[in-house]
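Me: I would like to learn how to read the features of a structure like this one. Could you take me through it?

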Amino acid sequence: MTDGIKASAADSRVTELEDRVLLLEHKLAALESKDPVLEMQHVEKHFGGVHAIDNFSVRIEQGQIHGLIGPNGAGKTTIFNNITGIYAPDSGKIIFRGEDITGSSPSRVAQLGIGRTFQNIRLFANLSVLENVIIASGKDATYNLPQAIFHSDKYKKREKQINEKAMNLLEIVGLQDKANELANSLPYGHQRKLEIARAMALDPKLLLLDEPAAGMNADESLELVEFVREIRGHFKITILMIEHHMDVVSNLCDYCTVLNFGKTLAVGTPAEVKSNPDVIKAYLGGNE
Ligand SMILES: Nc1ncnc2c1ncn2[C@@H]1O[C@H](COP(=O)(O)OP(=O)(O)OP(=O)(O)O)[C@@H](O)[C@H]1O
Ligand SMILES: [Mg+2]
């Protein structure tokens, strides 16, 4: 091989390597600039003398399931209530898909794409399963009052669409056969699923689940894990969930944040936080 050929082979190898470095740099930049679905920055909330949330920050990426764990009274539900506009933080910022939603009203937050379930199930007990989902789709109704009173074509068409969408959601959560039963006649685990179907009615991008496995036995909790995974896959949704059952958290969450008295004790994968000495001391009591 002549020197000239050797030099040009080396040049092309250098160019090839430079191209690869450039490609990796692009990939890295794309990863770094990946906007989180939800970001909370230094959020504070007091109730009188109780410091319910103390300098809380979190960043949740698209498609993640993030767990929020901690002992009773740690501030978990208060975080949900601050995100969904039930309370406004005393200070700090809450950013949802690039938009500052700090202190926004609950209806605005729901319209922007955050759905939630409640620690204590909140269903209309004396309405049917289907009606419960239809009511939750209320903000999807694009007709006005006269159109509704006179049953205009627009009203009928929209009502039909809302009905079909509600049935579709019931199918996804496996309650289509129970559509006409009263909500309070459902067993507990099914009521939790109905709550999730209601939360999904406005096509949220972020779903907040407050202790979805509360009151469930081991089999029901396992079924819930599968179910939440399916929901994430089906709707390509991001989930923030409060959960006490460590087996549910370990099976489901990509990351979790551990709270104690409003302060963040640890952030990491379930395995990482479970082995964190502060967490073991404060929450797990060494029995996990
Ligand atoms: N509306 C309120 N008024 C006064 N204090 C409140 C209010 N909401 C919550 N708190 C207090 O704030 C602290 C955090 O409560 P929060 O309900 O957020 O805890 P949690 O982590 O969800 O607990 P749990 O696991 O029992 O549901 C508690 O001391 C609670 O008593
Ligand atoms: Mg709570």
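Reply: Gladly. Axes are lines fitted to C-alpha atoms, for helices over the stretch in contact, and angles run from 0 to 180 degrees between N-to-C directions. This is a predicted model, where local features need pLDDT of at least 70 and side-chain atom pairs count only at pLDDT 80 or more, while totals for chains, interfaces and linings use all residues. Residues are numbered from 1 along each chain as its sequence is written, and chains are lettered from A and ligands numbered from 1 in the order in which they are written.

Me: At what angle do α4 and α6 pack?

Reply: Two packed helices are described by the angle between their axes and the distance between the axes. Here α4 (residues 129-136) and α6 (residues 153-172) have axes 9 Å apart, at an angle of about 120°. The two helices are therefore oblique to each other. Their names come from DSSP runs numbered from the N terminus, with helices being H or I of at least four residues and strands E of at least two.

Me: Which residues of α4 and α6 make the contact?

Reply: Two residues are in contact if their C-beta atoms, placed from the backbone, lie within 7 Å. On the α4 side these are V129, L130, V133 and I134, and α6 brings I162, N163, A166, M167, L169 and L170. By class, nine are nonpolar, one is polar and none is charged. For these classes, Ala, Val, Leu, Ile, Met, Phe, Trp, Tyr, Cys and Pro count as nonpolar, Asp, Glu, Lys and Arg as charged, and the others, Gly among them, as polar.

Me: How do the axes of α4 and α7 cross?

Reply: They come within 8 Å of each other and cross at roughly 30°. That makes α4 roughly parallel to α7. The contact joins V129, N132, V133 and A136 of α4 to L194, A197 and R198 of α7. This set holds five nonpolar residues, one polar and one charged.

Me: Is I135 buried, exposed or partly exposed, and what is the rule?

Reply: A residue is buried if 20 or more other C-beta atoms lie within 10 Å of its own, exposed if 12 or fewer, and partly exposed in between, with C-beta atoms placed from the backbone. I135, in helix α4, has 15 C-beta neighbours inside 10 Å and so counts as partly exposed. Across the protein chain, buried residues make up 34% of the 288 residues.

Me: What surrounds ligand 1?

Reply: A residue is near a molecule if its C-beta atom, placed from the backbone, lies within 6 Å of it. The shell around ligand 1 includes F47, N72, K76 and Q119. β2 (50-60) and α2 (76-83) are the elements that give two or more residues to this shell, and α2 supplies the largest share, three residues.

Methods:
Parallel < 35°, antiparallel > 145°, perpendicular 65-115°, else oblique.
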